[in-house]
Amino acid sequence: MTEKTFFRWTDSMSVQSVEIDNQHKELIKMLNELYDAFMKKEHKIKAGAIVDRMWAYTNYHFTTEEKYFSMFNYAGAESHIKEHELFRSKVEEFMDKFKKNHSALTYDLMNFLRSWLNNHIMETDQKYVLCFTHNGVK
């Protein structure tokens, strides 16, 4: 059985940085892995590792963006970082529920992740594109 695609990368999501676009693509790939495990009813076995990997990679990704915010004195950094913090808080809640009950992985969680990623990439991240490209981020 092939992996199901729950969320697809499109070129319109690009922030004109290969580094950050690749990180976004990796997060989308992990979300699709989680969805695939859920649809195959394998989430009780596989989801813990996928969620842990997503969590670690998300923090790595946020650190990358925030490093550039600091380097370039990005004007929108404060509100952008607040979004990162709210996301971390929400995902920690989901992770706590999942660790207590593996059935707590729901379609709601996956929809939240997909919606948040889509909105964050397409709206919030697009705001730093000019700053990053002006400062030579590739």
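I began with Arg-114, which lies over the face of Phe-6 at 3.9 Å from the ring centre; a charge sits over a ring if NZ of Lys or CZ of Arg is within 6 Å of the ring centre and within 35 degrees of the ring normal. I then found the charged end of Lys-67 over the ring of Tyr-68, 4.5 Å from its centre.

I note that this is a predicted model, where local features need pLDDT of at least 70 and side-chain atom pairs count only at pLDDT 80 or more, while totals for chains, interfaces and linings use all residues. Residues are numbered from 1 along each chain as its sequence is written, and side-chain values use heavy atoms, with hydrogens and water left out.

Next I looked up the aromatic pairs, of which a search of the whole structure finds 16; rings of Phe, Tyr and Trp (its six-membered ring) pair if their centres lie within 6.5 Å, with planes under 30 degrees apart counted as stacked, over 60 as edge-to-face and the rest as tilted. Phe-62 and Phe-87 make an edge-to-face pair, 5.8 Å centre to centre with 80° between the planes. This pair links distant parts of the chain, with Phe-62 in helix α2 and Phe-87 in helix α3, 25 residues apart; helices (H or I, at least four residues) are DSSP runs numbered from the N terminus. Both Phe-62 and Phe-87 are buried, a term that stands for under 20% relative accessible area (1.4 Å probe, protein chains only). I also traced a cluster in which ring pairs link Tyr-68, Phe-69, Phe-72, Tyr-74, Tyr-128 and Phe-132.

I turned to His-61, which lies in helix α2 (residues 43-72) and counts as buried because its relative accessibility is 1%. Leaving aside residues up to four places away in sequence, I list Ile-20, Gln-23, His-24, Leu-27 and Asp-125 as touching His-61, where contact means heavy atoms within 4.5 Å.

Of its 29 residues, Leu-31, Leu-34, Met-54, Met-110, Leu-113 and Leu-117 touch the most other members. Helices α1 (18-39), α2, α3 (77-100) and α4 (107-124) each supply at least two residues of this core, and α1 gives the most, with 8 residues. Apart from it I found another core, of 12 residues, among them Tyr-68, Phe-69, Phe-132 and Val-137.

Notes: Buried < 20%, exposed > 50% of the residue type's maximum accessible area, 1.4 Å probe, protein only. Core = buried A, V, L, I, M, F, W, Y, C linked by side-chain atoms within 4.5 Å.
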